[in-house]
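I opened my notebook for a friendly walk through this model. Here is what I looked up, entry by entry.

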Amino acid sequence: MSNMLTVTQVEKYYGNKGNLTKALDGVSFSIQEGEFVGIMGASGSGKTTLLNCISTIDKVTSGQIIIGGKDITELKSRQLSEFRRTKLGFIFQDFNLLDTLTAQENIILPLTISAVNHREAIARTAEVAETLGITDVLAKYPYQMSGGQRQRVAAARAIVSKPAMVLADEPTGALDSKSSRMLLESMEKLNVDLTATILMVTHDAFAASYCKRILFIKDGQLFNELIRGQHPRRDFYSKIIEVISLLGGDVSHVL
Amino acid sequence: MYCKLAFRNVKKSLRDYLLYFLTLSFAVCIFYVFNSIEAQSVMIKISTSEKEILKTLTQLMGIVSVFVSIILGFLIVSANHFLIRRRKKELGIYLLLGMKKNKVSRILVIETLLIGVISLGAGLFAGVFASQWLSIFTAKIFQADMTGYRFVFSSGAFLKTLIYFGVIFLVVIAASTFAVSRNKLIDLFSAQSKNEKPAVKHPALTIVLFVLSVICLGVAYQQVLQNGIMHFDWILLREVILGAIGTFLFFASLSGFFLKLLQRIQGYYFKDLNFFILRQINSRINSAHVSISFVCLMLFCTIGILSTGLGMNAAMEKSLSSATAFDVELYTWGGNPTSISDDLAAKGINLSDYSDRTYEYKDFVNPAILRNTVLTEDLQLQLQTTYFMNGIESTIPFIRLSDYNTLLGMQGRDLLSLKDGEIAFSYSSTSQGLRDAIAEKWNRTGKISLLGQEYSVYPKVLSDAVVSIGEDCNLALVVPDSLLTDSTGAPAVGFSPSQSYLQFNCQGDSETMQDKLESRLMPFYTEESSPNYYMISRNNLEASYAGTKAIIAYVGIYIGLVFLMTSAAVLSLQQLSEIADNRQRYLVLKKIGADDRLIDRAIFRQTAIYFMLPLFLAIIHSIVGLTVANEAIRSLGGLNAAQNILITAGLILVIYGGYFLATFIGSRKMIVREERNG
């Protein structure tokens, strides 16, 4: 399998000379095609900054980010939005569904932006909705759905354009435990059935336990790496908790 | 500290809502300018009667200003409501940090005062300078010379502006204080996340409402086209109400209807951001259809007032020369046609001092020949409404051909000759339309039957303006002398003299002579007794024409500008606050890969549709309205409709288009800036 994402010595500094914050300080890792990778870290550890840099919303200070063979730190603004449109899918913490649109219209949005033929777009929307079990809410508006349904609609929107990689930022952050479980199972399904490459940022050990591999970040640097391998999820979860306790600062956050 | 906070907030809002402050200042400026008209007259050389009219104009402006200030008051209060709503979270934070409610109110009061002082200051400053320009315009309307430039400052208008806008700002202060004291902390905080209730209407209902609105408008249009607007009665009122209801229903159902329609065309609906734009507009119009309807009606008024106002002006310009041919006219009233010149001589007024040639004559009436004998019903109606003439059953005056020719001779014009048994209509008003109608009616038959005898009609309607304008509505029949009097001058059977007329041109400096005669004659008009005749001079006429012109022009421009500005400002504020409320949506669009160009286009289309919709319906209203209005004005005189409509369109394009562009640029900036901050 080839590398989907390669991050090399990425640095991101905020502020000026007198007051410099190193949000990312020499981060390097790579993700292979079809992987489901989690990034964990305490608040302020730089995990969201990393995700923003990978998702081309933010720019790195130095270093390289190569997605699907393309160095995105060298792309121009117009190319960036095209790249986002065709190669990346997003799932946000607060769903970020457009509340004036129905579920179907929300899901189809990335396709119409990429000027996909409307018949094909509608067919693909139906297909993705089927996979995520939200066919019956397609005609509903976000405010008529449950939180879990909303997040699955958001997930459907993220994958409908068949992106090279799905980026999820705390996708379970606003969900109750039952909805969280359903969403994570859907994501697992996407990863296994559709071989979608998923990069998920979270500080929830339960959510992270669904990943195949977890990267831990502390103060802008890679701190640890966990690989699930053939272990059952329960064991993996315990391991994650162990690492989190090592991270120290985050114990209070978890408990 | 509160002052500092307020200062900083104002600075920030000035940047965000620059358009609003410009509107405010412009409103103040217009208000001052139109209330300072009287003061401007010091620059212009005008007669006493023109001064009187300027005074009337000022009084009228006062009344209009009350109306205008109410409209502006609504604009300012509702704009403030928007601004407060946008800042609820900020106010919540103040309260959360332990600031007392009255302290928060105090910040708002200081802010409102600051905004008020800034906009009042800027507006008055601009107004004082703009009013200098208006003086030139005033001089042009009165066709008067400028006495030389003098810097005009109207303290009256200044004070009035301060008081009126002061009251408006006090209301704003009360409203925002109320908004703070009424709201719970939790409401202030969740204000931003609270979605406006989506108005889910049943599709069938939308279609029914839309069809209903089209029917309402169609019936209103058809009726007003059929009935005209010359009569202000309950039929017209019914048409207006029907039109207004149709407008409201139209905007209540329009977006839902079109959304349903376009959803069927999937190839269009699911293209680019089309469905997103449509949904945005749908939700926008659903929650704001009432204000959009008002904007539409205000735009309609603007178009109507501006173009007919300008049209009336052009019509009156022409009418003065065609209304009278003589400098002075005296005419009796009360059915006792005594000699005017004898009475003047008895009063010691020697006519030869004023003119080298005067002529006095009488007209004759026959109680058996009424207006409705010679006019069709709609011609009578037109006459009646145009001249507020009472009684279509009144008699029609007859003038002897010899008298008519004498008058023509005094004017140095070609004499009129009538064949035996021929009579001529004389109608020397400005109304080309009515003249044509009369000519057309009688030329078709060429014959008229009076008292059982048939006469042929002279093929032209006479319009030499030699018949006195004192003559009721100017319509008269010129007939051979033998028809009215015998050789001794005694009236023919059935006829009797009705009024005496004395007409002449002044010698020497006509204007001074007119004023001199008037001042000689005036003392005889007392409470106890007065002569049985009136005097009209060209001076009087000119003043009243110029005055009417000025009134129509000023009131039209004043109200038109305020309406246009208010409606554009309302739309602009709503659109800006909607973009601010929904910036999250646009950021989501950006994140999922919509590039700037696509977003720009979405914002542009949304703003354009939002601005165009009310204008579109207003234009359709106006096409119908102006068709009818032109008909009415044509009966007052010729109207160059196309030119006035072009001027109006230009004005709308500049002001409304300016607001549109500013709104679009502002919306774009808001989203770009948010992206940088987010």
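**Hairpin.** I started at β1(A) and β2(A), which form a hairpin with four residues between them. Strands here are DSSP runs of E with at least two residues, helices are runs of H or I with at least four, and both are numbered from the N terminus. I found 10 bridges joining β1 (residues 3-15) of chain A to β2(A), and the two run antiparallel. In this pair, G15(A) stands opposite L20(A) of β2(A).

**Ground rules.** I noted that this is a predicted model, where local features need pLDDT of at least 70 and side-chain atom pairs count only at pLDDT 80 or more, while totals for chains, interfaces and linings use all residues. Residues are numbered from 1 along each chain as its sequence is written, and chains are lettered from A and ligands numbered from 1 in the order in which they are written.

**Four-stranded sheet.** Next I traced the order β2-β1-β4-β5 in chain A, an open sheet with antiparallel pairing; strands pair if DSSP finds at least two bridges between them. β2 (20-32) and β5 (70-71) of chain A are at the edges with a single partner strand each, so one side of each has no neighbour in the sheet. Two bridges link β4 (residues 62-67) of chain A to β5(A), and I66(A) is opposite D71(A).

**Six-stranded sheet.** I then followed a second open sheet of chain A, ordered β6-β7-β8-β3-β9-β10 with mixed pairing. Its neighbouring strands are turned by 20 degrees against each other on average, direction ignored. β9 (residues 213-218) and β10 of chain A run antiparallel and share six bridges, with L226(A) as the bridge partner of I214(A).

**Helix pair in chain B.** I looked at α9 (residues 203-227) and α10 (residues 234-264) of chain B, whose axes come within 7 Å and cross at roughly 150 degrees. Axes are lines fitted to C-alpha atoms, for helices over the stretch in contact, and angles run from 0 to 180 degrees between N-to-C directions. α9(B) and α10(B) are therefore roughly antiparallel (the word applies over 145 degrees).

**Between the chains.** Last, I checked where the chains meet: 23 residues of chain A are in contact with 21 residues of chain B, contact being C-beta atoms, placed from the backbone, within 7 Å. On the chain A side, α2 (77-87), α3 (103-113) and α4 (118-132) each supply at least two residues. α3(A) gives the most, with six residues.

Terms used. Parallel < 35°, antiparallel > 145°, perpendicular 65-115°, else oblique. Contact = placed C-beta atoms within 7 Å.
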